[in-house]
Amino acid sequence: MSDSSVMPAEQAHVFTTIDEVGDIVGREFGPSTFRAIPQEDIDLYAQLSGDDNPIHVDAEAAAKSQYGGRIAHGMLTLSMVVPHLREIYKVSGTTTGIVYGFNKIRFPNAVPSGANIRVRGTVVQIDEVPGGWQVTLALIFEVEGETKPAVAAELVLRHYR
């Protein structure tokens, strides 16, 4: 049985089973709790990805930019989707679940180093695929204290029986 009851602090979740996932289209979920993106994570991501743009890693150069300080990489922010989703979206009874891809990704706002982000979303499409379901989630990554989101993305997941 699927459940989208209201959780503390008005946090809705979508927890369902593989047998009932076809019934969740249109459901809204979130927000997740806020999580920080500290400068240490930004530096590590820069090292691992090779994206060492000064706006991410050089405090002096970033202070002179339009951002006024170092910011997280958009792709780092996007990669934080997993811990946020685990809190507010779950399909149980699967053998495998994968990120199939993204339909659209936009980065309308920067995430300052050390800022807190959270995620909310809507199940926008569900399609049956061989052995399971393909679920498209419209996600918004919010920055604490900001009205403009950091990321707007359509995440495509596959859940297999």
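In this predicted model, the loop that runs between strand S4 (28–29) and strand S5 (35–36) contains Pro 31. The peptide bond joining Gly 30 to Pro 31 is cis, with omega at about 0 degrees.

Stepping back to the whole protein chain, the secondary structure amounts to 5 helices and 10 strands. The C-alpha trace spans about 55 × 35 × 20 Å along its principal axes. Of the 161 residues in the chain, 40% are buried. Among contacts with a separation of 6 or more, 67% are between residues 24 or more positions apart. The chain exposes about 8500 Å², and 51% of that area is supplied by carbon and sulfur atoms.

Attention then turns to the pockets. The largest pocket holds about 350 Å³ of space, and 16 residues line it. Nearest its centre lie Leu 85, Arg 86, Tyr 89, Leu 157 and His 159. The elements giving two or more residues to this lining are helix H5 (81–88), together with strand S6 (89–92), strand S7 (96–106) and strand S10 (151–160). Sorted by class, the lining of the largest pocket comprises 9 nonpolar residues, 4 polar residues and 3 charged residues.

Conventions
Residues are numbered from 1 along each chain as its sequence is written. This is a predicted model: local features need pLDDT of at least 70, side-chain atom pairs count only at pLDDT 80 or more; totals for chains, interfaces and linings use all residues. Side-chain values use heavy atoms; hydrogens and water are left out. On a 1 Å grid over the protein atoms alone, a cavity is a set of points where a 1.4 Å probe fits but cannot get out, and a pocket is an open set with protein on both sides within 12 Å along at least five of seven lines; lining residues have an atom within 4 Å of a point. Grid points are joined across faces, edges and corners, and a volume is the space filled by probe spheres set on the points. Helices (H or I, at least four residues) and strands (E, at least two) are DSSP runs, numbered from the N terminus. Ala, Val, Leu, Ile, Met, Phe, Trp, Tyr, Cys and Pro count as nonpolar, Asp, Glu, Lys and Arg as charged, and the others, Gly among them, as polar. Buried means under 20% relative accessible area, exposed over 50%, partly exposed in between (1.4 Å probe, protein chains only). Contact means heavy atoms within 4.5 Å. Accessible areas come from the Shrake-Rupley method with a 1.4 Å probe; for residues, only the protein chains shown count as cover.
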